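Reader: I'd like to go through this one with you and ask where the labels come from. Could you show it to me?

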Amino acid sequence: MSILKTDNAEAADTASTVDNSTPTRKLRAKSGATILVKKAKDEVPAALTTTDMVLKKLKSAKGVTIQTLMDATGWQAHSVRGFLSGTVKKKLGHEVVSEIGKDGQRRYRIVEAKTAG
């Protein structure tokens with residue numbers, strides 16, 4: 001009767017073929033310290049966040065309706081209003097103006113702060 005044994009060298013061989021490299025490369029400085037340098041081609045442009053998207057829409061001259069923000073974010077109306085009040089006004093410090101247009105739709109927009117002087 002023969003007993004099968006797994007060769008650890010073979011397991012180590014397959015494990016070493018897996019590429020676990022990071023998007024950085026190491027350089028040695030003259031002092032012997034290791035410096036990490038990020039490769040330019042590996043940089044990914046930052047994705048547009050929900051906050052950035054809402055702020056962009058609020059900065060338009062006409063403003064934006066709650067419905068438009070709901071469609072853009074996938075949020076419910078009360079969540080959009082809470083975001084406008086809590087994040088945009090209080091945390092980010094923007095002045096949000098609410099106006100009813102000729103079409104009867106309420107529109108929200110950010111008023112740019114006017115600097116004195």
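Author: Below, we go through the labels one by one and see what backs each of them. Keep in mind that this is a predicted model.

Reader: Okay, overview please: what elements does the protein have, and in what order?

Author: There are 4 helices and 5 strands.

Reader: What makes β4 and β5 a pair?

Author: Two strands count as paired if there are at least two bridges between them. Here 6 bridges link β4 to β5 (residues 106–111), and the two run antiparallel, so they pass as a pair. For one spot to look at, find glutamate 95: across from it in β5 is valine 111.

Reader: How do you know that the buried residues of α2 line one face?

Author: Buried means under 20% relative accessible area, and in α2 the residues that qualify are Val54, Leu55 and Leu58. Looking down the axis of α2, they fall within an arc of 100°, so they line one face of the helix. Their cover includes β3, α3, α4 and β5.

Reader: What makes a group of residues a nonpolar core?

Author: The members have to be buried residues of nonpolar kinds such as Val, Leu and Tyr, joined through side-chain atoms within 4.5 Å. The largest such core here has 13 residues, and Leu58, Leu69, Leu84, Val88 and Tyr108 have the most contacts inside it. Two or more residues each come from α2, α3 (66–73), α4 (77–91) and β5. The biggest giver is α4, with 4 residues. In soluble globular proteins, nonpolar side chains tend to be buried together.

Reader: Which residues does valine 88 touch, leaving aside its neighbours within four places in sequence?

Author: Contact means heavy atoms within 4.5 Å. Valine 88 has such contacts with Leu55, Leu58, Phe83, Gly93, His94, Val96 and Ile110.

Reader: How much of the whole protein counts as buried?

Author: Of its 117 residues, 15% do. The protein exposes about 9,700 Å², with 52% of that supplied by carbon and sulfur atoms.

Terms used. Residues are numbered from 1 along each chain as its sequence is written. This is a predicted model: local features need pLDDT of at least 70, side-chain atom pairs count only at pLDDT 80 or more; totals for chains, interfaces and linings use all residues. Side-chain values use heavy atoms; hydrogens and water are left out. Buried means under 20% relative accessible area, exposed over 50%, partly exposed in between (1.4 Å probe, protein chains only). The arc is that of the directions from the helix axis to the C-beta atoms. Accessible areas come from the Shrake-Rupley method with a 1.4 Å probe; for residues, only the protein chains shown count as cover.
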